[in-house]
Amino acid sequence: MPQNIAIVGLQWGDEGKGKVVDLLALEADVIARCQGGANAGHTVIVGEKKYILHLIPSGIIHQDKICFIGNGVALDPFGLVEELKVLESEGIGYRGRLFISAACNLVLPYHKLLDEIYETRRGESSLGTTLRGIGPAYRDKVARQGIRLADIFDDRTLKQKLAGIKSQRTDLMASLPDDPRCDFDKIKTDLQALCPLLLPMMVDVSFELDRLQREGKRILFEGAQGAMLDVDLGTYPYATSSNTTVGGIFTGLGVGPRMVDEVVGVVKAYCTRVGAGPFPTELTGETAELLREKGAEYGATTGRPRRTGWLDLVALRHACRINGVDKIAITKLDVLDDFETIKACMAYEIDGVEVTEFPPLISSFERVRPIYREFPGWRTDTGAVTQFDQLPEEAQSYVRFLADQMGAEIKLISTGAARSETILV
Ligand code: IMP
């Protein structure tokens, strides 16, 4: 059993990382989240209960674990408070075991307003963002005008920073002077009202993780979104604004590369995407609908119906390489139980040329024709299967083929939402 495991999504998010984190957290002492924000929606089902977390690491559900939110996370402090209330109402205590980096950049109400304004201005080329203010918050961070968690505890700094933002953003804000999300005095007062709650949680996450590692504690790094949404390596500009690949762990938590002993890539047995942008294996019609209904493919954050399609091995090989994936966790295999034939895309045909590598130019995707390999379906319920060799032959060959193509070992296969519906390989 490796000491520290990183869990990353290999597609466009929504691979089922919540369940994988929940399972692997059983063996860990610490769970740390390094990037993204409340755009993520991690669903965990425990018995009859369903938890949807956006900002707080899914590991919080295990009451004996310590959780960290790293500096790379875009932290919506008001959203966080709402999530804490939900945890409290469910009897899940967080005091003394949820810690947040002092260097987290905050997502504030005006970021959500700006997200809406930018999306509207993009018109037909809008990105389909979650409207959670993520892009504008990371934009402020990179422009070095973001407000960090530590700033809210210092009246003068907070005042100066808010005044700076107000003066620079007049062009956008002027059109909506009465929108309460631009009321900077209110934002300041509301932030300062959170100080007593947030102060005991604020720490130097890098220092704490190093200390815990030295004490022999096991750390689970919980990724959000997926490789194809990485701002550098995904389908840019149809991406989110953070590094969703393994590198995000090092900068987003302040840890060195040797801290990660194993990278587990989570891949759904088919493919989905929510929001705009290229999706070479996208299906329409009856098959698309079957995948959506059987897989309950509706956004955990926005409720939007997800686009659905077959697995894309060109994109997945790219995702495994950029993440240095050691093992894969295959989720939602049971969704394919009823299909007579299953397809996986082996290569793209672009302008008559067969391409097996992920194209760097976004406009090439408009001309991609997926080249598929067909697999016979198994037409058997796999929900209750807990041993790999109890899976139907066809299902075994499908997952073996995927692992082989992705150059990774299979760590686990999930055949349902419950913890028990899992094959540990
Ligand atoms: P943003 O992160 O809200 O700026 O959205 C940018 C793109 O990433 C949009 O296409 C979103 O639908 C997508 N996205 C962001 N977070 C998630 C997620 O957790 N799951 C799936 N898609 C996401």
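Helices (H or I, at least four residues) and strands (E, at least two) are taken here as DSSP runs, numbered from the N terminus. The structure is a predicted model, in which local features need pLDDT of at least 70 and side-chain atom pairs count only at pLDDT 80 or more, while totals for chains, interfaces and linings use all residues. Residues are numbered from 1 along each chain as its sequence is written, and side-chain values use heavy atoms, with hydrogens and water left out.

Strands are said to pair if DSSP finds at least two bridges between them. Ten strands make up an open sheet with mixed pairing, in the order β9-β7-β5-β2-β10-β1-β11-β15-β19-β20. The edges are taken by β9 (202-203) and β20 (422-424); each has a single partner strand, so one side of each lacks a neighbour in the sheet. Helix α9 (residues 205-214) packs on this sheet and touches β2, β5, β7, β9 and β10, where contact means heavy atoms within 4.5 Å. The direction of α9 makes about 150° with that of β5; axes are lines fitted to C-alpha atoms, for helices over the stretch in contact, and angles run from 0 to 180 degrees between N-to-C directions.

Parallel pairing over four bridges joins β2 to strand β5 (residues 66-69), and Ile31 stands opposite Cys67 in β5. Parallel pairing over four bridges also joins β2 to strand β10 (residues 219-222), where Ile219 is the bridge partner of Val30. In a regular strand the side chains alternate between the two faces of the sheet. In β2, Val30 and Ala32 lie on one side and Ile31 and Arg33 on the other, and all are buried (buried means under 20% relative accessible area, exposed over 50%, and partly exposed in between, with a 1.4 Å probe and protein chains only). Burial is also found in helix α1 (residues 17-24): eight of its eight residues are buried, so the helix is largely enclosed by the rest of the structure. Among them are Lys17, Lys19 and Asp22.

Aromatic rings come next. Rings of Phe, Tyr and Trp (its six-membered ring) pair if their centres lie within 6.5 Å; planes under 30 degrees apart count as stacked, over 60 as edge-to-face and the rest as tilted. The whole structure holds nine aromatic pairs. One of these, formed by Phe68 and Phe99, is tilted, with 5.7 Å centre to centre and 35° between the planes. Because Phe68 lies in strand β5 and Phe99 in strand β7 (residues 98-101), the pair ties together parts that are 31 residues apart in sequence. Both Phe68 and Phe99 are buried. Elsewhere, Phe375, Trp378, Tyr398 and Phe401 form one aromatic cluster.

Helix α13 (residues 393-406) contains Ser397, which is partly exposed at a relative accessible area of 40%. The axes of helix α12 (residues 313-323) and α13 come within 9 Å and cross at roughly 55°. Leu313, Leu316, Arg317 and Cys320 in α12 meet Phe401, Leu402, Gln405 and Met406 in α13. By class, this contact has six nonpolar, one polar and one charged residues (Ala, Val, Leu, Ile, Met, Phe, Trp, Tyr, Cys and Pro count as nonpolar, Asp, Glu, Lys and Arg as charged, and the others, Gly among them, as polar).

Finally, the backbone deserves a look. Most residues other than glycine have a negative phi, and most peptide bonds are trans. The peptide bond from Tyr236 to Pro237 is cis, with omega near 5°, and Pro237 is found in the loop between β10 and α10 (247-253). Leu131 has a positive phi, near 60°; this residue sits in the loop between α3 (109-122) and α4 (134-142) and is partly exposed at 38% relative accessibility. Asp351 also has a positive phi, of about 50°, and lies in the loop between β16 (341-350) and β17 (353-355). With a relative accessible area of 54%, Asp351 is exposed.
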